[in-house]
Amino acid sequence: MSDILDQLAEVLAQRRQASPDSSYVASLHEKGLNKILEKVGEEATETLLAAKDVTDAESAKSLIAETADLWFHCMVMLSHLELSHEDVLAELERRFGLSGLEEKAARTR
């Protein structure tokens with residue numbers, strides 16, 4: 001399943017070098033980190049609102065679409081900071097098998 005994330009990361013890297021006039025991703029990079037973070041925040045809010053309203057298959061599809069938008073913009077953020085989704089996946093893998101309480105306690109030490 002991470003193949004799609006690998007593909008998206010590759011496209012984002014290519015688009016980062018494109019003209020801002022021809023690429024949404026390039027235009028975000030040109031506007032800088034604050035604009036990218038604004039988009040992440042906007043998409044996070046839209047995802048929360050969509051989740052709150054899930055009552056049927058149609059609203060569930062809306063939540064999935066909003067979550068995809070959020071993940072996309074998080075990937076742009078990581079790209080802008082020259083970080084990789086692989087690092088996020090590795091962190092999730094590291095946490096796998098730990099209880100949430102154990103993981104949280106380890107972070108506070």
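Glu38 and Lys35 both belong to helix 3, which spans residues 33–52. The two positions are 3 residues apart, about one turn of the helix. In this predicted model, their side chains meet in a salt bridge, with an N to O distance of 3.1 Å. Both partners are partly exposed. Glu38 has a relative accessible area of 48%. Lys35 has a relative accessibility of 26%. Lys35 is counted as partly exposed because its 26% falls between the 20% and 50% cut-offs.

A second pair lies in helix 3. Glu42 and Lys39 are again 3 residues apart, about one turn of the helix. Their closest N and O atoms are 2.9 Å apart, and the two residues form a salt bridge. Glu42 is partly exposed, at a relative accessible area of 34%. Lys39 is buried, at 13% relative accessibility.

The salt bridge between Glu91 and Arg94 has its closest N and O atoms 2.6 Å apart. Glu91 is partly exposed at 28% relative accessibility. Arg94 is also partly exposed, with a value of 48%. Salt bridges with shared partners also occur in the model, joining Lys39, Glu42 and Glu43 into one network. In total, the model contains 5 salt bridges. Among them are the pairs Glu38 with Lys35, Glu42 with Lys39, and Glu91 with Arg94.

Asp53 lies in the loop between helix 3 and helix 4, the latter covering residues 57–80. Asp53 is partly exposed, with a relative accessibility of 47%. This class applies because 47% is above the buried range and does not pass the 50% cut-off for exposed residues. Asp53 and Leu63 are 10 residues apart along the chain. Their C-alpha atoms are separated by 8.6 Å.

Notes. Residues numbered from 1 in each chain as written. Predicted model: local features only at pLDDT ≥ 70, side-chain atom pairs only at ≥ 80, totals over all residues. Heavy atoms only, no water. Salt bridge = Lys/Arg side-chain N within 4 Å of Asp/Glu carboxyl O. Helix = DSSP H or I, 4+ residues; strand = E, 2+ residues; numbered from the N terminus. Buried < 20%, exposed > 50% of the residue type's maximum accessible area, 1.4 Å probe, protein only.
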